[in-house]
Amino acid sequence: MCFSFGYGESYADFAYSDFKVTEKEDGDFEITVTVTNIGDETGNEYQGKEVVEVYLQKPYTDYDIEHGVEKAAAELVGYGKTDTLYPQSKALDGQMNSQEIKITVPRELLKSYDSNYAKTYILEDGNYYFAIGNGAHDAVNNILAYQSENAESGVDVDVTKMTAPGSAKYAAEVMVVYDQEEFAVSVKDAGSKLAKSTYLNAEGEYAEITNALDNADLNKYIGEGTITYVSRNDWEGTMPQAAVIIEADAVIDGLKNSDAVTEDPDAVMPSYGKNNGLTLAMLRGSDYNDESWEELLDQMSFGEQSNLITNGYYSTKSISSVSLPSTNASDGPTGIGTSIGGLAFPSEGIWASSFNDDLVERLGEVFALEALANGKTNVYAPGVNIHRMAFGGRSHEYFSEDPFLTGMIASKEISGLQSNGVVATVKHFAFNDEEDQRAGISVWLNEQEAREIMLAAFQYALAPEEGNAGSVMNSFNRAGTVWVGAHESLMDIMRNEWGFNGFCITDMAVGPAAEYMTYINGIPAGTNLFLGSGDETTLSEYQNSPTFSQKMRESSHRILYTIANYSAEMNGISSDTKIEVKAEWWRTLMITAAYVLGALSIIFIALYICSIIYVYKKDKIKT
């Protein structure tokens, strides 16, 4: 039997009453409802908790049809969970039979992305409907019932679309006036439930939001009409009938890597090796843009930055010039591989199904303690990609098919992890759809899908006002023809619109992936750490490039900032602590062996040449 998204059952029976939607002064909406355990009436006299799910239906307008803006019949925009509620006859002193739940839905969740005309977020005129229900279908049924009972004369509501009888008392209508400008720039609002950027550009302005992923949309990359997107305006006529074949010549140039640094004429070589008397611990708690970071970065050498950026195989390396301690990481997202018995938590989908923010935050705290017990201060978790199909190879590592639920639950896990000093590395940014043949695969999508579905959970997880994760891992795939770690516009969404200041690490940058997950393409675009085994000489060929050197400095800044402010590795380190880097014994052994083998090779070559000369002279004497 199939159930709609959000559907759930309980041993206990509950009833809702006093449902109300109120528009607040700041434009957000407050939904209130009273939940009561009615076990005495039904005979199911069990205690339990109930999830209240809030869904939104946006108006689907002529503008949307003309410009290809798609709208869901209902989308999750809020939820709350009661405490344990008891049947009235079973409730003891202090135990509740009913509870009022209040859920705030930010005005921002009413917006839609128009990738074809306005090329930004828009808020349209019209009637917006809020409803509560046991899953998306139940909410739609309630909305249809409300529309039917409150329809103006002559307006026909198609109640045949109901999957079951609805209840108009669990839905409400609000009127919204069109505003194209309100969400066209990032907005600072720390009280928002939806992540909003605090990022300011060099001119002190908020980042403009506009199309950044046209090169991942086949209709914009190759030409209008290349593919037909499914539309609710014409389900039958737009449903795919066969695979779309794209000629290789149309995309081959885009798949090529850069082979040289594109120099910025205004870039200047950074300073190296200065003695400014700073240590990383001195900047703990400093704002990312604090000028002291520049003085600290001036103390590092080019080789130290190279080693830090390229040698990120489940770790970050210690740097003596700034007293940076090394850190160790573990893969995730549901457990630490070196735990006793290799035990792990259940899959993330089960966590999300609980709709229990408090429980997931506590899980994050315990997860962090397990990591610390195993010497790890960074975990590659949580995974926040979207469940698109049952065949997704990583579906067990991701929370849900819904970006709002994914983002909210992920933010709680991140909070729990980082409260105990374990850096959360959110993965896989972005559009990771499959595991088989994933290295370098091109993912094509339009910008509305990208922003409203595929990227939304990352926004919740990474933005400072929400999850505030310390780092993010990018994926093996490409957006269109460009590897996501080298897709500057995609990375700018994360940095400039959401205000993410942590570092971005690659997935495993070895084997076939290393052919396109390259330093020269990734670092300038905003990838900061490579999950590989580089060293102080790995980036030497770029040592005379001011542009590339500045990007290395920026990457170092992000790594240092994250470790200073989020990692338990800094515990016990004072501003006077000096960290000396000792050569790893295996690296010293390998270098020594290389020198010995090199010397022996020279000796053997010399002896071989001498033997040839000796034989030649001997033969000449005989003749």
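## Ground rules

The model is predicted, so local features need pLDDT of at least 70 and side-chain atom pairs count only at pLDDT 80 or more, while totals for chains, interfaces and linings use all residues. Residues are numbered from 1 along each chain as its sequence is written, and side-chain values use heavy atoms, with hydrogens and water left out.

Helices (H or I, at least four residues) and strands (E, at least two) are DSSP runs, numbered from the N terminus.

## Cis peptide bonds

Let's begin with proline. Gly332 and Pro333 are joined by a cis peptide bond, with omega about 5°. Pro333 sits in the loop that runs between β11 (327-331) and α8 (348-353).

A cis peptide bond also links Phe429 to Ala430, and omega there is about 5°. Ala430 belongs to the loop between β13 (423-429) and β14 (442-443).

## Positive phi angles

Next come two residues worth a look on your screen. Lys119 is not a glycine, yet its phi is positive, at about 60°. You will find Lys119 in the loop between β6 (112-114) and β7 (120-122). With a relative accessible area of 34%, Lys119 is partly exposed; that term covers the range between buried (under 20% relative accessible area) and exposed (over 50%), using a 1.4 Å probe and protein chains only.

Ser323 is not a glycine either, and has a positive phi of about 55°. Its loop lies between β10 (315-316) and β11. Is Ser323 buried or exposed? Ser323 counts as buried, at 3% relative accessibility.
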